[in-house]
Amino acid sequence: MFKNNLKIALRNLVKRKGYSFLNIFGLAIGIACCLLIFQYVAYERSYDKFQDDASRIVRVRLDNYQKGKLAWQSATAYPPIPAAMKKDFPEVEDFCRLKQVDLLLSNEARHVKFNETKSYFADPSVIKMFNIQLLKGNPNTALDGPDKILLSETNAKKYFGNEDPLGKRLTMRDNAVHGYEVTGIFKDYPANSHLVINHLVSYSTLAKELRAQGDTSNASETAWGWYDYYDYIKLKPGTDWKQLEKKLPAFCERYINNDEWRKTNNVKAQLYLIPLSDIHLYSNYNQEVEVNGSGKSVGFLFMISFFIIAIAWVNYTNLATARSLERAKEVGVRKVMGALRMDLIGQFLTESFLLNLLAFVLAFVVVLILAPAFNQLIGTNAPGGFFMPANYWFPFLSMFFAGTFLSGVYPAFILSGYHPVVVLKGLFKNTSKGRILRKGLIVGQFAISVILIAGTIIVYQQVQFMRQQKLGADINQTLVLEGAHTLRDSVYQSVFQPFKTSLLQQSDIKSVAASSSVMGEEITWTSGYTRVSAETKQAITLYTLGVDYDFLPGYDLKLIAGRNFSRDFATDQRAVLINEKAVEMLGFKNAEEAVNAKLSRGDTLTIVGVIANYHHQGMQKAIDPTLLWLRPNINQYYSVKINTTNLPHTLASIEKTWNNYFPNDPFNYFFLDDFFNQQYKADIRFGQVFGLFATLAIIIACFGLLGLSAYNVLQRTKEIGIRKVLGASVQNLLILLSREFIILVFVSLFVAIPVCWIVMHNWLQDFAYRITISGWVFILAGFLAVLIALATVGFQALKASMANPAKSLRTE
């Protein structure tokens with residue numbers, strides 16, 4: 001029987017090529033979209049799950065409260081926390097600490113040197129906890145002891161070529177020279193990790209370097225105020241991390257909040273845990289080790305995938321129903337010949353399965369071709385071709401077979417239920433229940449389409465809003481040089497000032513300024529400051545930026561009270577500037593009151609000026625209370641304002657000058673506007689992907705509308721013929737045939753608008769500076785939906801209204 005059903009199904013598909021094309025093409029688009037999004041979602045949710053014990057590893061994060069209010073949240077915490085937790089909580093099996101470090105490494109023998117940024121001081125336990133796969137070296141001793149370094153396989157080749165690096169030394173240069181012994185080479189760390197690891201330096205090296213700088217407190221082990229460490233805890237099997245987290249408030253009171261300084265300044269800390277596999281999508285705090293993804297955006301796309309394939313299956317139902325009149329006589333004849341209803345249901349379900357299977361094959365081919373381009377569009381590090389884990393194939397195939405059955409079962413039961421006597425006498429007509437269902441499906445389709453259209457517009461508006469807002473600082477035509485680190489502090493100024501003077505003598509260079517951070521980069525240097533003269537001593541965290549004398553004019557920052565730093569004042573070595581946000585947080589009545597006030601953080605600093613608020617980071621984040629501290633020896637970045645008319649010549653001239661003064665430092669640079677706009681790349685890509693799938697969903701929805709309008713025209717063929725004979729014009733018939741569908745689209749607007757507003761309002765809450773959703777967005781989305789519907793329905797209506805009425809009435 002199945003073989004016979006399959007033959008008939010193939011015959012019907014070939015016979016009705018237009019119907020088959022619309023169905024297969026629409027379903028293929030829906031399935032392809034679903035597969036691509038499933039792959040993306042699967043990859044985003046796979047982060048860190050390659051770890052053997054990922055489910056048992058958590059990261060400690062820190063919340064800081066000042067004056068009883070949440071001041072900031074950080075992905076980092078204090079270095080003594082893991083050891084104290086292991087001592088106090090039997091649930092803790094092991095721990096690991098990581099601290100980021102920038103390295104200037106060189107292999108003197110091969111004359112190669114590079115600035116390295118994805119590097120960490122790490123406890124020896126990192127090798128086992130994070131599945132560091134050593135290709136060379138002993139995992140038990142590789143990070144045991146100071147001055148030891150592990151290199152990734154790629155970086156080992158970069159420094160040593162085809163030589164065996166084990167046991168050789170790399171030179172680390174900052175303001176002193178250190179030698180690191182290469183004690184291991186590890187396999188390149190997987191891309192689907194919240195960490196990018198290129199180098200690991202033994203944790204005891206940090207303590208040694210701090211002692212060389214005068215530290216006598218063993219700060220890397222004991223500092224309960226230095227929150228620059230990523231603290232990871234491995235739990236014993238069977239431990240519920242949420243239950244352990246409930247013990248942390250008491251832990252904080254024992255070790256952190258009992259400090260006299262915290263009590264005096266009304267500062268409290270609270271610790272929380274986050275599972276390792278949740279970090280990539282659900283951790284977006286200060287000092288994240290990498291830019292993480294967005295669980296909300298991934299969830300949106302996952303939801304869209306179901307919407308798109310649902311629209312495609314609804315189309316099949318509508319198109320199959322549209323053919324009911326055409327197939328009614330077939331059903332009547334087959335029933336007269338002895339066919340049972342279940343035989344007919346089996347026949348129609350076989351057709352549904354075959355059509356969906358062909359669409360799936362076509363979709364899979366399309367996905368194999370488009371997957372690399374899609375991965376590039378969406379900005380993922382997923383493998384170049386299509387790849388989806390096995391645990392996602394089962395739910396997808398289950399959904400596919402369920403959808404195939406459900407989309408085919410309604411037409412199958414409807415068509416198989418026709419009474420042969422009624423059908424063969426030509427008295428067949430559809431029930432009101434069937435019409436209501438089909439109209440409801442159309443309303444649902446276009447409601448989803450309107451949501452996607454309006455959502456795309458809102459995403460585009462928000463991105464444009466962020467990119468067009470004034471920053472309060474001039475970042476245009478700014479070339480940023482990564483600073484020189486090989487000179488000792490005692491000789492730095494004697495080299496940097498002539499370098500700066502030499503640059504300024506060039507006609508295409510307008511200014512040069514040094515700083516510890518630049519716009520677009522998170523400020524990680526923070527300290528708690530108190531007003532010296534205030535009646536109540538309450539510390540406020542200020543984000544500190546080390547700058548030289550030319551930073552303000554170089555970035556055209558507006559001074560609203562007081563003065564800039566000046567070489568005419570020797571006391572400016574202990575002077576600071578603060579922004580308006582800091583004025584507010586410190587409790588000053590206005591900017592003028594803050595000028596000449598004293599701040600304390602162990603030593604005393606004088607506020608000599610107040611600058612207007614400016615956006616150091618993108619519009620996703622609120623402006624932080626910021627303090628600019630005069631540090632003439634600051635050397636992280638040099639911001640060079642240039643004339644870009646002859647850019648290649650200018651760059652070559654700057655590089656030549658650099659090499660003359662800093663021969664031991666590599667020449668690395670970037671353009672600040674490009675660097676700053678990188679913060680919006682994820683949102684821009686999300687908007688592009690959202691818009692792409694919105695367009696595809698609308699195209700698929702139009703197929704459904706085309707099917708229903710074709711069905712309507714088919715049912716009203718004789719009515720149209722009679723109206724034409726009685727003098728109805730083409731315009732009258734167009735209105736008659738289109739009106740019902742346009743009403744359905746308007747109904748879909750009333751369904752879509754509140755849903756869209758709730759969803760997009762929730763999405764916008766992730767931005768500190770955001771647009772207000774305007775009513776015209778929904779008007780435009782509705783207008784586009786009506787226009788698309790009118791174009792789709794109008795084609796069928798025009799075709800029917802221009803037909804010869806003699807042909808329409810021939811059977812009468």
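**Reading helices in a predicted model**

Me: Which residues of helix α6 are buried?

Reply: Buried means under 20% relative accessible area (1.4 Å probe, protein chains only). In helix α6 (residues 203-212), the buried residues are Tyr 203, Thr 205, Leu 206, Ala 207, Glu 209 and Leu 210. Helices here are DSSP runs of H or I with at least four residues, strands are E runs of at least two, and both are numbered from the N terminus. Just after α6, Gly 214 has a positive phi of about 105°.

Me: What should I know about the model itself?

Reply: This is a predicted model, where local features need pLDDT of at least 70 and side-chain atom pairs count only at pLDDT 80 or more, while totals for chains, interfaces and linings use all residues. Residues are numbered from 1 along each chain as its sequence is written, and side-chain values use heavy atoms, leaving out hydrogens and water. The protein has 28 helices and 24 strands, and 53% of its 812 residues count as buried.

Me: How do I read two packed helices, and at what angle do α25 and α26 pack?

Reply: Two packed helices are described by the angle between their axes and the distance between the axes. Axes are lines fitted to C-alpha atoms over the stretch in contact, with angles from 0 to 180 degrees between N-to-C directions. Helix α25 (residues 717-725) packs on helix α26 (residues 730-764) at about 150°, with the axes 11 Å apart. The two are therefore roughly antiparallel, a term for angles over 145 degrees.

Me: Which residues make the contact?

Reply: Contact means heavy atoms within 4.5 Å. Glu 719, Ile 720, Arg 723 and Lys 724 of α25 meet Leu 733, Leu 736 and Leu 737 of α26.

How values were computed. Parallel < 35°, antiparallel > 145°, perpendicular 65-115°, else oblique. Buried < 20%, exposed > 50% of the residue type's maximum accessible area, 1.4 Å probe, protein only.
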